[in-house]
There are 6 protein chains.
Amino acid sequence: MSRFGTLYGPDVTFLSVDKCDLDDQSTTKNCDIIVIGAPYDGGTSYRSGTRFGPQALRMTDYIPHDRLRPHLALGVDPLQDLVIKDAGDVCTPPTDIMISLDAVTESIEMITKADAIPIILGGDHSITYADVRGLTAKYGKGRIAVIHFDAHPDTADLELGQLHGHGQWVRRLIDEEITRGDRFIQMGIRGYWPGSDVLKWMSDLGMRSYEMTEIDSRGLDTCIKEAIEAVSKDTDGIFISVDIDVCDPAYAPGTGTPEPGGLTSRQLLNSIRNICMTAPVVGLDLVEMCPAYDHADITALLGNRVILEALSGIAAKRNGSRSPDAPLLQNR
Amino acid sequence: MSRFGTLYGPDVTFLSVDKCDLDDQSTTKNCDIIVIGAPYDGGTSYRSGTRFGPQALRMTDYIPHDRLRPHLALGVDPLQDLVIKDAGDVCTPPTDIMISLDAVTESIEMITKADAIPIILGGDHSITYADVRGLTAKYGKGRIAVIHFDAHPDTADLELGQLHGHGQWVRRLIDEEITRGDRFIQMGIRGYWPGSDVLKWMSDLGMRSYEMTEIDSRGLDTCIKEAIEAVSKDTDGIFISVDIDVCDPAYAPGTGTPEPGGLTSRQLLNSIRNICMTAPVVGLDLVEMCPAYDHADITALLGNRVILEALSGIAAKRNGSRSPDAPLLQNR
Amino acid sequence: MSRFGTLYGPDVTFLSVDKCDLDDQSTTKNCDIIVIGAPYDGGTSYRSGTRFGPQALRMTDYIPHDRLRPHLALGVDPLQDLVIKDAGDVCTPPTDIMISLDAVTESIEMITKADAIPIILGGDHSITYADVRGLTAKYGKGRIAVIHFDAHPDTADLELGQLHGHGQWVRRLIDEEITRGDRFIQMGIRGYWPGSDVLKWMSDLGMRSYEMTEIDSRGLDTCIKEAIEAVSKDTDGIFISVDIDVCDPAYAPGTGTPEPGGLTSRQLLNSIRNICMTAPVVGLDLVEMCPAYDHADITALLGNRVILEALSGIAAKRNGSRSPDAPLLQNR
Amino acid sequence: MSRFGTLYGPDVTFLSVDKCDLDDQSTTKNCDIIVIGAPYDGGTSYRSGTRFGPQALRMTDYIPHDRLRPHLALGVDPLQDLVIKDAGDVCTPPTDIMISLDAVTESIEMITKADAIPIILGGDHSITYADVRGLTAKYGKGRIAVIHFDAHPDTADLELGQLHGHGQWVRRLIDEEITRGDRFIQMGIRGYWPGSDVLKWMSDLGMRSYEMTEIDSRGLDTCIKEAIEAVSKDTDGIFISVDIDVCDPAYAPGTGTPEPGGLTSRQLLNSIRNICMTAPVVGLDLVEMCPAYDHADITALLGNRVILEALSGIAAKRNGSRSPDAPLLQNR
Amino acid sequence: MSRFGTLYGPDVTFLSVDKCDLDDQSTTKNCDIIVIGAPYDGGTSYRSGTRFGPQALRMTDYIPHDRLRPHLALGVDPLQDLVIKDAGDVCTPPTDIMISLDAVTESIEMITKADAIPIILGGDHSITYADVRGLTAKYGKGRIAVIHFDAHPDTADLELGQLHGHGQWVRRLIDEEITRGDRFIQMGIRGYWPGSDVLKWMSDLGMRSYEMTEIDSRGLDTCIKEAIEAVSKDTDGIFISVDIDVCDPAYAPGTGTPEPGGLTSRQLLNSIRNICMTAPVVGLDLVEMCPAYDHADITALLGNRVILEALSGIAAKRNGSRSPDAPLLQNR
Amino acid sequence: MSRFGTLYGPDVTFLSVDKCDLDDQSTTKNCDIIVIGAPYDGGTSYRSGTRFGPQALRMTDYIPHDRLRPHLALGVDPLQDLVIKDAGDVCTPPTDIMISLDAVTESIEMITKADAIPIILGGDHSITYADVRGLTAKYGKGRIAVIHFDAHPDTADLELGQLHGHGQWVRRLIDEEITRGDRFIQMGIRGYWPGSDVLKWMSDLGMRSYEMTEIDSRGLDTCIKEAIEAVSKDTDGIFISVDIDVCDPAYAPGTGTPEPGGLTSRQLLNSIRNICMTAPVVGLDLVEMCPAYDHADITALLGNRVILEALSGIAAKRNGSRSPDAPLLQNR
């Protein structure tokens with residue numbers, strides 16, 4: 001099988017990094033990071049359109065696509081310091097979620113087989129089930145913790161009678177013991193769903209959900225630090241799943257189920273960078289970015305920057321970096 | 001089973017006509033028309049979002065929802081002259097096209113069993129397969145002709161390996177002998193798809209496709225008249241399928257695969273009215289209306305008016321009407 | 001009383017023509033045309049927002065505000081050939097329609113007293129009652145014919161119990177014998193309102209409404225010619241009222257009650273120019289332009305051009321012009 | 001008189017709660033809360049369009065209209081714990097503010113007569129005069145304190161010579177002694193209006209306005225706590241009036257007079273919830289939500305959530321709740 | 001020099017055709033067509049933003065980028081029947097028009113040296129000066145006729161004191177005798193610019209401008225036929241310059257100086273196809289497409305289709321084709 | 001030379017203050033502040049469109065243009081307390097940056113010659129080179145410090161081979177010794193540009209750049225206070241340059257190169273006010289406001305308010321003011 005390319009539009013890669021073909025090991029060996037698109041949007045319970053998320057996340061940047069992205073605060077350049085390639089999109093037919101999820105899982109398995117960290121560009125949140133499931137081929141079940149940024153817990157059992165979807169993926173992961181409930185941490189939860197039965201299920205499994213009111217009262221940095229500690233115990237790595245709707249709709253209007261009262265863009269960027277600088281991240285996805293509802297590309301740009309902060313954090317963890325809090329021009 | 005309601009948002013009906021419940025015959029008997037929503041958008045090959053089509057088509061009108069819609073040119077009032085009810089949406093989970101299509105077909109069967117004409121609000125065009133298939137329970141296979149307004153022939157075989165979708169439904173209907181190729185007429189075709197192999201398949205089956213250049217040179221009225229004659233031979237009724245993208249993007253920006261060079265809104269409204277006034281219409285769907293790409297609701301409003309013109313034409317065919325070409329105030 | 005200025009934003013004039021003050025005759029004498037804004041939008045039955053119509057109609061033009069607008073087809077320059085001034089807005093408090101209408105009428109009376117032709121920038125269509133009423137001070141009742149471009153007849157009696165509004169002004173004008181029903185001609189009517197009782201009232205009074213289907217079948221030029229002849233008998237002048245929604249929503253999305261199936265921009269521009277070149281126009285208004293629903297200013301620009309075509313036609317009628325159908329560069 | 005329904009579009013209710021008819025006591029008895037729409041937008045001094053506020057506030061939610069809204073942080077479900085019905089819109093003709101205000105007041109009187117708390121969906125801010133005036137039938141004059149969230153003090157005397165409007169309602173309430181100046185607290189004030197004469201009038205009456213710079217320096221929580229204490233002295237209840245423009249335009253672009261430098265969505269949601277959990281709220285309105293200027297429904301959604309937070313706070317005050325600051329899954 | 005790539009965003013090519021490098025003849029030999037971008041937008045007198053035109057024109061298509069574009073009406077496939085490559089963008093610094101124009105001219109010269117037909121994606125209309133100037137290296141001065149689709153004549157002398165810009169390029173071409181005035185034909189002119197002095201200059205040089213009123217009265221097909229005949233006499237080829245604003249703003253809102261009353265999309269597509277099928281076209285540009293003012297990509301898509309119609313017409317002229325007026329499925 | 005007026009649209013002034021003509025000293029004497037537009041947008045490296053910034057910044061305000069803007073928190077009214085006039089736009093042809101920059105510099109020189117403080121409305125950031133250069137006629141080289149609010153350092157050397165542009169102006173100012181590097185302070189920097197070579201150049205020159213992570217950790221107020229102290233040493237005045245993209249895209253979507261993670265609107269407004277109240281400000285510009293990408297005018301309004309805060313701060317510094325932190329109605 002040759003590289004599938006992209007499902008919609010021209011075959012662009014994340015900020016024009018090199019392409020790789022998961023079926024051709026010569027193209028994937030030595031990769032630190034492999035980016036892949038999962039443009040599936042059939043799992044959403046409301047606004048569809050995240051199928052154009054991967055394209056938007058790859059392309060949206062006013063800086064030329066010159067493979068230079070020096071991180072000011074850290075002093076690293078993820079596009080230079082890491083070997084990053086883009087495997088294109090997974091072929092995810094919108095008419096059949098199981099075919100799509102299986103294809104995503106298979107791709108993740110191939111990426112981990114190449115000893116690279118997968119970064120998955122969604123698509124709606126249903127793909128995270130497939131993302132994390134794909135890691136089990138390498139890490140085994142129950143060994144990967146999840147830090148999950150989202151306005152919603154996504155712990156429904158069935159929706160319209162269906163097992164899979166963007167509101168059920170957490171339940172599926174835990175039900176199938178792919179992840180342990182007590183190594184699953186949620187950040188940014190708020191709003192009016194779910195009810196007490198689902199919350200009890202979550203509680204019984206030992207999940208930890210940081211609702212926005214708690215985050216407000218305790219401070220996000222404290223919560224993040226606590227979360228990193230909690231997931232680091234007796235696990236082999238951390239998967240970060242970022243639903244862009246964890247941010248307030250002011251910062252991320254381009255999403256399907258926006259919930260007012262969320263994080264600021266800065267809070268999200270800082271948190272992702274901090275986790276990646278500190279903890280053993282083995283994969284990350286950025287989901288629910290929906291260009292049709294965006295304005296002036298601000299949500300796409302935020303998503304692109306979340307990826308860049310993660311990459312920069314990973315580069316800093318490997319190679320060291322300056323302190324982001326120090327004056328920018330100190331000791332240059 | 002009780003009435004499902006609507007899949008997204010409040011349970012509004014088409015211009016606030018009464019609700020009916022397909023499972024409760026007391027609510028459907030004596031209906032002339034039953035409107036139903038099919039908010040499935042997983043079959044689209046490009047922009048998704050038609051799942052919000054039914055809501056937009058039901059609600060969008062600046063005239064109060066007073067169940068009065070006197071048609072100026074015809075002198076009929078479809079909401080008064082016909083018994084029209086709205087059965088709500090079919091439950092169409094976005095994750096599984098076959099469950100969705102089967103549910104749509106089942107609903108159409110129930111509507112025809114109640115001796116009502118179904119008017120289906122899409123949703124993407126994949127649902128038309130289910131719409132027409134649903135008519136076979138009453139009419140048998142091969143007895144219903146189709147007049148299909150669209151920019152695209154929708155005669156693909158497989159897309160991403162899938163049998164069903166918004167580009168394959170014509171092929172499926174004809175392959176399964178639900179409709180005869182030589183009683184399938186397309187109006188408004190244009191652009192750069194499909195290639196010669198597919199066109200040959202269409203030609204061999206006796207299909208008749210009016211491309212826009214032919215329509216330009218011969219006149220739309222002539223083509224419509226010719227089409228009505230052709231589909232009336234040895235058939236028991238006509239199903240009209242209206243893809244809103246048959247209109248030029250200037251008139252219908254709110255759609256998934258807009259193709260420049262299409263019909264004007266007037267041409268479409270006149271054509272639908274004329275066919276319904278003249279021919280034995282047994283069902284109609286309006287598909288591919290995608291609110292996320294609309295502006296100032298102009299596409300939603302056009303779709304709403306297509307339905308009203310169809311209803312007015314049906315009312316005029318049953319009860320007679322004034323000539324739409326005569327001065328408006330003549331003989332009032 | 002000094003010049004009121006404008007109700008919203010800076011005191012701009014129509015394409016930067018000179019200001020005049022209706023209370024200062026030294027500023028209005030010798031004016032051929034006085035433009036005035038009536039930014040009242042409380043009379044609308046649906047989307048409000050036409051209060052910003054006057055500003056948009058005055059400002060929207062990509063050509064510099066250099067007081068040069070040579071009309072290519074006619075070879076006249078209305079801003080040069082006519083003395084045109086802008087009296088600013090009438091003070092129309094949005095909370096009280098009668099205060100607003102009385103103020104508009106008073107301004108029209110002052111403009112006609114200065115022997116200038118008023119061009120009124122709406123605002124919603126309720127102001128046309130005040131516009132035409134203002135002409136009676138000079139012309140008397142029943143002496144001014146109206147040619148009314150609109151998707152809707154606006155002949156309702158009461159709406160929400162109110163006598164005045166954008167759907168009732170025609171009834172008020174005729175009930176108060178300000179205009180004769182048989183000198184009131186409507187062009188572009190379509191859609192699903194009003195019912196037969198109102199149509200009968202219109203018919204009994206001898207009104208003539210050209211519905212779009214009749215226009216389609218007979219040709220707009222023929223209808224316009226017929227209309228000009230009809231209103232010219234036993235009258236002292238013609239008032240043209242242009243509801244921008246006479247155009248299809250594709251051409252004029254920026255309006256409150258858009259009805260698909262309308263005129264093209266070209267048809268409207270040609271018609272207005274033709275009437276003004278031919279008939280004794282004593283006033284014109286352009287109403288229902290609503291910037292909040294516009295896109296890329298295309299509706300504002302169309303409205304601006306309707307005014308320019310009217311002015312050019314008036315200039316051509318006074319001073320003669322080349323034939324608009326002749327090659328552009330012939331005999332230059 | 002039967003239920004009026006809604007003024008624009010289909011007769012939807014707030015998140016599909018049951019309808020009630022204020023003229024039919026059998027439908028209103030036992031109601032804790034009655035929601036009512038006041039779609040009047042003629043009182044605005046700038047952008048109109050809030051007439052579509054009630055519809056947007058009722059409908060906008062990505063969660064199904066299933067009458068379940070479990071509040072995560074509080075552990076209550078306002079749609080389950082309270083009896084909430086929706087009385088539809090007040091008939092508010094846009095042409096006459098006094099008819100509209102009188103009708104609103106009459107409706108509020110009927111709601112309080114039914115011993116329910118009114119929640120009014122605006123409309124522009126002029127309706128708050130009518131809202132609070134309606135409470136006097138039950139509570140008498142001067143007994144209800146007001147906490148007023150807004151960017152603007154709304155204490156003008158006359159605007160364009162008119163007594164009523166969205167900038168004058170505070171003055172009218174206090175001038176008519178419906179509320180005491182020293183029990184009127186404003187939160188979020190900023191910008192460049194009014195001048196010192198008006199501020200002096202406010203000061204002399206003992207009003208308390210928290211300008212954003214003070215809120216910044218002292219902390220919003222402190223100010224809110226102080227406000228609750230102040231209004232609780234010698235009063236019989238608190239009316240909360242929320243002008244959505246109290247939030248920064250980033251969070252609430254869909255409004256008529258946006259003023260940069262406002263609250264975040266979180267600050268507003270937290271404040272409303274806190275007041276309702278603590279103080280004896282006897283009514284609330286949410287005004288100045290203007291859909292035409294919204295993007296991706298983020299302002300409508302914020303408005304909807306303000307109502308839900310208020311309802312949740314009221315439910316928590318009545319029945320008790322968990323601490324919103326505690327970990328979400330603790331003791332479930 | 002190696003291929004410059006694209007000035008903004010990823011290095012995409014027109015519908016993903018192969019890249020070529022004008023400095024590497026091995027990549028350009030045997031090309032029939034070379035597409036090139038000229039993303040210069042400093043020459044516009046009003047809205048800027050056409051610098052993103054090349055990207056939009058290359059990418060915007062809902063059909064997969066599969067290098068298949070079978071033209072339904074003609075039965076040709078331009079992407080298959082012709083060797084088409086994309087040379088990327090010319091480096092056009094926005095700060096200096098002369099550097100930009102010289103670079104464009106140099107690129108055109110290299111394309112013609114490779115015996116390919118250049119298709120230039122603008123950019124604003126000032127680049128057409130450079131486009132046609134580039135052809136003189138091969139064809140000499142005065143040998144190439146121009147058919148110019150536009151709302152505006154673009155025959156200004158100086159604008160803000162500058163020789164070059166999007167309103168002066170026609171004057172420069174003729175002043176420098178690059179093209180003959182009497183072989184320069186304009187189609188679609190309308191509006192209120194220029195004045196009589198400029199028109200006289202045009203007339204004296206023998207230019208022929210078809211204003212929309214003439215086109216209306218004589219028919220576009222007649223005018224086009226006349227134009228082809230006129231430019232074919234004593235010339236060596238025809239350059240077609242398409243300003244997308246020749247279409248009405250309803251069809252092409254995404255442009256800088258939209259003028260109501262223009263062509264329909266169908267008229268433009270038919271005209272371009274007809275000219276290319278009939279006349280010896282040696283180059284074409286598509287300019288003034290401005291994505292920032294577009295809606296739902298309808299203008300970008302129209303521009304993309306203008307290119308495809310031109311390519312299809314060229315392919316048909318070379319290899320023959322079916323009649324576009326014949327029934328689509330006849331003799332397949 | 002007479003006043004040039006404005007480059008685009010009607011000749012409006014900042015909030016309708018009086019016009020002045022820089023060539024007519026009788027109009028500029030006694031001015032405290034002279035506002036001038038620099039609608040040049042050819043220097044941008046990405047989205048163009050800031051040429052419409054001056055118009056938007058002058059007009060956008062929902063408060064009537066009544067020359068009253070009482071600052072609530074300070075108790076000053078800048079439009080009353082200062083003599084402010086608007087000199088219109090500088091003639092900045094978009095085709096030639098050097099002509100444009102020279103014209104801007106010349107205007108600034110004339111403003112300082114009139115002993116007024118220039119406030120320049122951009123335009124893109126390349127104009128700041130011309131702004132500060134213009135101050136040297138009065139102050140000499142190296143005597144004016146700069147506080148620069150921006151997401152980007154703008155310290156590139158060449159872009160596309162060009163010396164001037166919106167990313168190079170800082171380098172030009174320092175290279176030409178117009179400003180000292182160690183009196184150049186940047187606030188709000190973030191993102192992924194420039195690389196270490198440029199940062200080293202900045203560092204070597206003694207520049208001080210406050211990156212957002214430092215601002216987060218130390219607090220903005222602290223950083224601002226530190227900055228004021230630093231620039232006050234051995235300088236004769238401070239120029240403030242505000243790139244609106246220093247704010248997060250949520251607050252300022254209408255800009256060309258938005259970078260997530262920026263300041264809130266409140267932070268910017270407070271900072272500008274504080275600096276102007278404290279330090280000897282000799283000029284200010286507001287650049288990179290791009291209306292085509294704005295939504296509901298929120299960015300234009302923010303820009304307008306930045307100017308008003310600066311003016312209010314300047315007025316307060318001259319005449320004294322109340323403390324902005326005190327209760328609003330205290331001691332009125």
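The model is a predicted one. Chain A can be superposed on chain D with an RMSD of 0.0 Å by a turn of 120° and a shift of 0.0 Å along the axis, which is the relation of a three-fold axis. Within chain A, the C-alpha nearest that axis belongs to A250(A), at 3.1 Å from it.

**Chain A and chain D**

- The contact between these two chains involves 37 residues of chain A and 31 residues of chain D, and the area buried between them is about 2,900 Å², with carbon and sulfur atoms giving 62% of it.
- On the chain A side, the residues that lose the most area to chain D are Y192(A), T213(A) and P260(A), which together make up 26% of what that side buries.
- Three salt bridges are found across the interface of chain A and chain D, and one that can be named joins the side chains of E259(A) and R305(D), with 2.8 Å from N to O.
- Between chain A and chain D, 16 residue pairs are in polar contact, counting pairs with both residues at pLDDT 80 or more.
- In chain A, α7 (196–204), β7 (208–211) and α8 (212–218) each supply at least two residues of the side that touches chain D, and the largest share, five residues, comes from α8(A).
- Only 8% of the interface residues of chain A are also interface residues in chain D, so the copies meet through different surfaces.

**Chain E and chain A**

- Seven residues from chain E and seven residues from chain A form this contact, and the two chains bury about 590 Å² between them, 76% of it on carbon and sulfur atoms.
- Of the area that chain E buries against chain A, 62% is supplied by P10(E), M59(E) and H65(E), more than by any other three residues.

**Chain pairs without contact**

- Chain A and chain C are joined by no contact, and their closest C-alpha atoms lie 15 Å apart.
- Chain B and chain F do not touch either, with their nearest C-alpha atoms 15 Å apart.

**Helix α4 of chain A**

- The 17 residues of helix α4 (residues 97–113) of chain A should span 24 Å at 1.5 Å a residue, and this agrees with the end C-alpha atoms, which are 24 Å apart.
- At the start of α4(A), a side-chain oxygen of D96(A) comes to within 3.0 Å of the backbone nitrogen of M98(A), while just after the helix D115(A) takes a positive phi of about 60°.
- The buried residues of α4(A) include I97(A), L101(A), V104(A), I108(A) and I111(A), and the buried residues of this helix pack against β2 (33–38), β4 (117–122) and α5 (127–139) of chain A.
- An α-helix has 3.6 residues a turn, so residues three or four places apart point the same way.

**Two single residues**

- T27(F) sits in helix α1 (residues 25–28) of chain F and has a relative accessible area of 18%, so T27(F) is buried.
- A polar atom of the side chain of T27(F) lies 2.9 Å from the backbone nitrogen of D21(F), and, leaving out residues up to four places away in sequence, T27(F) touches C20(F), D21(F) and K85(F).
- K233(D) lies in the loop between α9 (220–232) and β8 (237–243) of chain D, where K233(D) counts as exposed because its relative accessibility is 54%.
- K233(D) and R266(D) are 33 residues apart along the chain, and their C-alpha atoms are separated by 28 Å.

Key. Residues numbered from 1 in each chain as written. Chains lettered and ligands numbered in written order. Predicted model: local features only at pLDDT ≥ 70, side-chain atom pairs only at ≥ 80, totals over all residues. Heavy atoms only, no water. Helix = DSSP H or I, 4+ residues; strand = E, 2+ residues; numbered from the N terminus. Expected span 1.5 Å × (residues − 1). Buried < 20%, exposed > 50% of the residue type's maximum accessible area, 1.4 Å probe, protein only. Contact = heavy atoms within 4.5 Å. Polar contact = N/O pair within 3.5 Å; in protein donor to acceptor, adjacent residues only side chain to side chain. Least-squares fit on C-alpha atoms with pLDDT ≥ 70 in both. Buried area = accessible area lost by both parts, 1.4 Å probe. Salt bridge = Lys/Arg side-chain N within 4 Å of Asp/Glu carboxyl O.
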